[in-house]
Amino acid sequence: MAKGPATLTTRRRRLAVDLLLFLVLLALLAFLFLSSENPYLTEKQALKGTQAVSLYGPGKTLARAEYDSHIVYLLQDGNSYALCRLSRPDPLFWSNGYLDAVTNDPDYPMMPLINIDSLLVICNDPEIAQVELVYYIYGGGKDGGFHVLRQTEPLVENCWLFPCHGSLATGTIDDDGFLLRGYDANGALIHETAVPEVWTDFWDLTIPEAR
Amino acid sequence: MPSNSFESFCGRVCSFVRFSPDHDAITAELTAHLEDHRDALLELRSGLTQEEAEEAAVKAMGDPEELGRALNESHSPLLGWFQIWFQAVVWFLSAIIVIFCLFHLPDTLENLTSKPDSVSSDPALYFERQVYPDDLVTQYEANAVYQDPPYIYTIEQVAIENYSGARYVECILQITQPNPWLRCPAFGYDLWAEDDVGNRYPSTREWRALDETIYSKVKVSTPMGDFPFTTHYCLTVTNVDPAATQLTFRFDRYGEIRLSLTVPLKGGQADG
């Protein structure tokens, strides 16, 4: 027998059931979202949230760099520069990222900032035209030993970014030490940071020479 | 199979019913009635043809306009469309939840099955459970509040302890925020303190960078419990000057003061 048309009573009953179901689903969705560790729907929300949780800024975005597994933002708030690393654990949502910042001191020609496997160098000497990063990973294997990276162009203004992804065994660049070298436009070395004590005093390493 | 006359009759009736989604159901019901009536007529009057029986059945149903208008009264388009769209919304919401759960299944299961931390529901329990009574000098309420949107920082309970002659200060810090996704702000590594007699107590980061043999420092616990709008931490300041009568916690890692919270200290030299 064919299904009859819905009467007014039937429609009202269906509405009441749907309303109850709607309220239950809404409460469940609210609970799931509130307890989620990956709550953001957009990259912009994740950037804003990460800054808030890190008690930073909000800063002005100077640059954005995209990599295979994450995105790095370079932010500025007054005299401080920050690297904010964002990632998306699943295709839909973004999580709170990692942010670290440094307050620039113009008395230093090069100010470094590390964020996991990215290193930012703020150059306060306008003569610096190339920056070289020398870092060390203790241990054998393909990642062990000295690594030398050079940048001939800043990411933006006086900010130079060194991505060191894929070249770390564990931890961050700073774990086993690094030094920075600044060269002028003619390739002459004009600045070099202090050699990490652990390279000379403990491991007696032969440091790669400047160009 | 419905005849042409039945289809024509139902079509005319439905033309007066504004809510079109019900047309099929109305047609089906009317057709069923018409067919039953036709079959009954064919049984009762053996000389009747199929077409004659159908015409008689249609005639017996009455005026299609009158019938259509009557049906229109009980099939409100407003209620009908609202009910259809609302049901679609409910299905859509269900789909979102299913998708969300699929991507967050481990977290979802953990959240649904984890027990709340009893210490977080009553921070004063922390001192009861963590501090030996022999070491406790005094415990009191501080009611220190600092606001830096979106966060409100409150120190409600302070405990002063004595460990081998050294004065330790422990505070239960409550942080509230209206946005649950901003819980657990990252300040613990860089929170430092100073007292009112000129001493500075370094943050954990400073302490590790300077000299780990320095005994005075600020330690911040991991978050106690994890609620959407509130997080609790225990702040510990070690080797506090006995002459100090107040302690100010500060966070200014990026050049701007984002937290400055002062608590009175009791049980020191000033209190005898």
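Colleague: How many residues of chain A are in contact with chain B?

Modeller: This is a predicted model, in which local features need pLDDT of at least 70 and side-chain atom pairs count only at pLDDT 80 or more, while totals for chains, interfaces and linings use all residues. Residues are numbered from 1 along each chain as its sequence is written, and chains are lettered from A and ligands numbered from 1 in the order in which they are written. Counting two residues as in contact if their C-beta atoms, placed from the backbone, lie within 7 Å, 37 residues of chain B meet chain A, and the number on the chain A side is 40.

Colleague: Which helix gives the most to the side of chain B that touches chain A?

Modeller: Helices here are DSSP runs of H or I with at least four residues, and strands are runs of E with at least two, numbered from the N terminus. At least two residues of that side come from each of α2 (23-44), α5 (77-103) and α6 (105-113) of chain B. With 13 residues, the one that gives the most is α5(B).

Colleague: Why are α1(B) and α2(B) called oblique to each other?

Modeller: Axes are lines fitted to C-alpha atoms, for helices over the stretch in contact, and angles run from 0 to 180 degrees between N-to-C directions. Under 35 degrees counts as roughly parallel, over 145 as roughly antiparallel, 65 to 115 as roughly perpendicular and the rest as oblique. Helix α1 (residues 4-14) of chain B packs against α2(B) with the axes 10 Å apart and at an angle of about 135°, and the pair is therefore oblique.

Colleague: What is the order of the strands in the open sheet of chain A?

Modeller: Two strands pair if DSSP finds at least two bridges between them, and β7 (residues 130-137) and β10 (residues 178-183) of chain A, which run antiparallel, are joined by six. β8 (145-151) and β11 (189-192) of chain A each have a single partner strand, so they stand at the edges. The pairing is antiparallel, and the order of the four strands is β8-β7-β10-β11 (chain A).

Colleague: Where in chain A is confidence highest?

Modeller: Confidence is given as pLDDT, the predictor's score for each residue from 0 to 100, and chain A averages 84, with 90% of the residues at 70 or above. The lowest mean, 81, belongs to helix α3 (residues 197-202) of chain A, whereas the highest, 94, belongs to helix α2 (residues 43-53) of chain A.
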